[in-house]
Amino acid sequence: VDEFCSDLDPFTAKIVANRFRKQVIKSGRIAIVAAAHYEHFWEALKPTRLIVLRQNASAKIMNHQEFTDEFCQHAS
């Protein structure tokens with residue numbers, strides 16, 4: 001899914017992400033979600049793995065906690 005929830009307000013993005021996650025789990029599938037602006041929905045989506053792409057073409061694979069520790073310190 002490209003630009004997941006990009007046109008949604010924060011409240012709606014959380015609802016959509018939560019329901020999307022439930023459907024993916026229920027169906028036993030894997031979802032790949034791409035988004036430049038993840039702040040409104042990533043916590044509701046609860047991804048098991050995140051691939052962070054940088055402008056210098058590097059990529060870093062993280063789990064939910066690693067991502068929280070590195071990118072979401074302002075939330076605590």
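Mentor: Contact means that heavy atoms lie within 4.5 Å. Leaving aside neighbours within four places in sequence, Arg 49 is in contact with Ile 61 and Met 62. This is a predicted model, in which local features need pLDDT of at least 70 and side-chain atom pairs count only at pLDDT 80 or more, while totals for chains, interfaces and linings use all residues. Residues are numbered from 1 along each chain as its sequence is written, and side-chain values use heavy atoms, with hydrogens and water left out.

Trainee: What makes Arg 49 count as exposed?

Mentor: Buried means under 20% relative accessible area, exposed over 50%, and partly exposed in between (1.4 Å probe, protein chains only). The relative accessibility of Arg 49 is 66%, so this residue counts as exposed. Arg 49 lies in the loop between H2 and E1. Its C-alpha is 6.4 Å from that of His 64, a residue 15 places away in sequence.

Trainee: Which elements make up the chain, and in what order do they run from the N terminus?

Mentor: The order is α-α-β-β-α, with three helices and two strands in the chain. Helices (H or I, at least four residues) and strands (E, at least two) are DSSP runs, numbered from the N terminus.

Trainee: Why is the chain called as compact as a globular protein of its length?

Mentor: The radius of gyration is taken over C-alpha atoms, and the globule rule is 2.2 Å times the number of residues to the power 0.38. For 76 residues the rule gives 11 Å; the chain has 13 Å, which is close to that value, so it is as compact as a globular protein of that length. Along the principal axes, the C-alpha atoms fill a box of roughly 35 × 25 × 25 Å. Buried residues make up 20% of the 76 residues.

Trainee: How do you know that E1 and E2 are paired, and in which direction do they run?

Mentor: Two strands pair if DSSP finds at least two bridges between them. Strand E1 (residues 50–53) and strand E2 (residues 59–62) are joined by four bridges, and they run antiparallel. Val 52 stands opposite Lys 60 in E2. On E1, Leu 50 and Val 52 form a covered face, whereas Ile 51 and Leu 53 form an uncovered one. The hairpin has five residues between the strands, and there Ala 57 takes a positive phi near 75°.

Trainee: Why are Glu 3 and Lys 46 called partly exposed?

Mentor: Glu 3 has a relative accessible area of 38%, so it belongs to the partly exposed class. Lys 46 stands at 41%, and therefore counts as partly exposed.

Trainee: Where is Ala 35 found, and which residues is it in contact with?

Mentor: Ala 35 is in the loop between helix H1 (10–27) and helix H2 (42–45). Leaving aside neighbours within four places in sequence, Ala 35 is in contact with Phe 4 and Phe 41. The C-alpha atoms of Ala 35 and Glu 3 are separated by 4.5 Å, although the two residues are 32 apart along the chain. With a relative accessible area of 31%, Ala 35 is partly exposed.
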